[in-house]
Amino acid sequence: MFKEKRPKNEARSDIFGKVSGADMLAPWTYRSEELTALELEALFLSDWLLAGHVSEIPNSGDYTTFNIGGERAVLIRDEEGRIGAFHNVCRHRGSRVVGADRGHCRRTMVCPFHGWTYHLDGRLKQVPSPGTFDQLEIGSNGLIRIELEIWHGFLFIRFRSGGQSLAERLAAVEEKVTHYRLSELLPLGSRSVVELPYNWKLIHDVDNEGYHVPTAHPSLHSLYGRDYRDALMGDVPISVARVDKDVSPFWSVDYYKKLLPSFDHLPQSEQRVWFYFAVFPNLVFVLYPEMVEFYMTVPVSAGKSLVIGQCFGLQDSRRETRAARYLNQRINEQTVREDENLALWLQESFASSVYPRDNLSTLEFGVAYFHRQLKVKLPVLDLEMAPQIGHLAVLNQKMLNNA
């Protein structure tokens with residue numbers, strides 16, 4: 001990671017000239033099932049994961065869930081209005097305590113297997129036939145808590161506790177995001193979950209640079225291509241683009257430019273800006289003038305990934321705002337389809353004997369920076385060849401100890 005001193009919150013593009021072939025990951029790192037299991041443990045279960053937004057569970061008893069890598073979480077609002085995060089695992093036999101992805105519990109959570117009943121704050125309330133258990137202690141068998149941090153209304157959990165808070169990590173963008181009133185957002189539709197046939201890292205390899213935009217995304221380039229830039233704000237990777245007012249040959253882009261209204265909550269400098277920032281390892285927020293979006297990746301296997309996304313917005317009944325949101329989604333749906341092909345072709349290339357790794361443009365620094373972040377926690381990613389099967393986790397720990 002970069003440790004140079006710099007003014008607080010300054011967006012920097014100066015370091016984007018520092019790239020080399022050594023930054024790039026070897027093909028085996030996108031094809032190893034053993035590595036995917038290690039990534040889940042070292043990157044995902046040990047770091048902050050976005051599980052939802054406070055607006056999705058507004059009332060006592062409302063809950064939402066998040067599952068990854070064999071772990072199951074339930075986030076629920078209790079009778080005092082507080083939100084708690086727990087393992088969605090009954091303390092009796094391990095069943096899910098709540099079965100749906102999201103829903104509502106009346107006063108208690110009741111395990112559908114044997115009826116163990118929990119208070120909304122996770123405490124065990126009662127069990128059927130308590131006399132049949134040998135020394136069962138009600139007070140010590142509540143649901144097991146998961147670390148929870150609410151950042152501007154977004155609910156983040158960490159299955160393995162310890163380390164930097166999310167607020168500390170994202171302090172550099174704090175002033176920037178405050179204008180968007182994120183804690184007041186409301187969902188603009190249900191969450192999207194799409195399974196894709198390639199490694200999760202490839203999605204970020206494509207997403208982390210704008211060098212491909214003029215060729216691969218003509219409509220997006222028509223929207224803001226001349227004003228797009230990648231940079232770092234603190235240690236947070238960002239991308240910034242200003243929507244111009246030029247005529248576009250693409251219907252959705254042209255009307256988005258014409259219909260995009262102004263917004264009282266935004267300063268003039270942000271009225272026509274699309275602002276992206278990444279939360280390592282798997283999440284991207286996009287702050288548009290008219291709404292906010294997130295999308296994140298979840299590994300399923302070495303060659304299969306989930307992409308989860310959702311849009312939110314402040315209350316705004318203006319026709320122009322509704323039209324801008326609709327047009328924005330059309331533009332981004334086209335961009336996503338184009339990126340899916342690129343990622344698939346990259347996945348195919350890892351089987352090639354001539355896979356290239358030493359021709360990065362300085363405009364692709366975001367890819368190199370992402371790979372450097374990965375190697376901090378997983379130094380085995382520096383290896384040219386996959387280690388012997390069964391030795392990966394031990395070797396990674398040795399390399400961490402020697403770092």
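**Salt bridges and an open sheet**

Colleague: Which residues are linked in a network of salt bridges?

Modeller: In this predicted model, salt bridges link R226, D244, D246 and K257 in a network.

Colleague: And how many salt bridges are there in the whole structure?

Modeller: A search of the whole structure gives 21. One of them joins the side chains of D47 and K377, at 3.1 Å from N to O.

Colleague: Where do D47 and K377 lie?

Modeller: D47 is in the loop between helix 1 (33-44) and strand 2 (49-53), while K377 belongs to helix 9 (residues 365-377), so the pair ties together parts 330 residues apart in sequence.

Colleague: Is D47 buried or exposed?

Modeller: D47 is buried, its relative accessible area being 2%. K377 is partly exposed, at 28% relative accessibility.

Colleague: What does D121 form a salt bridge with?

Modeller: Its partner is R123, and the closest N and O atoms are 2.9 Å apart. D121 has a relative accessible area of 21% and is partly exposed; R123 is also partly exposed, at 48%.

Colleague: Turning to the strands, in what order do the four strands of the open sheet stand?

Modeller: The order is 5-4-3-6, with antiparallel pairing. Strand 5 (83-87) and strand 6 (102-104) are at the edges and have a single partner strand each, so one side of each lacks a neighbour in the sheet. From one strand to the next, the twist averages 20 degrees.

Colleague: How many bridges join strand 3 to strand 6?

Modeller: Three bridges connect strand 3 (residues 62-68) with strand 6, and the two run antiparallel. Y63 has G103 in strand 6 as its bridge partner.

Terms used
Residues numbered from 1 in each chain as written. Predicted model: local features only at pLDDT ≥ 70, side-chain atom pairs only at ≥ 80, totals over all residues. Heavy atoms only, no water. Pairing = 2+ DSSP bridges. Axes fitted to C-alpha atoms, helices over the stretch in contact; angles between N-to-C directions. Salt bridge = Lys/Arg side-chain N within 4 Å of Asp/Glu carboxyl O. Buried < 20%, exposed > 50% of the residue type's maximum accessible area, 1.4 Å probe, protein only.
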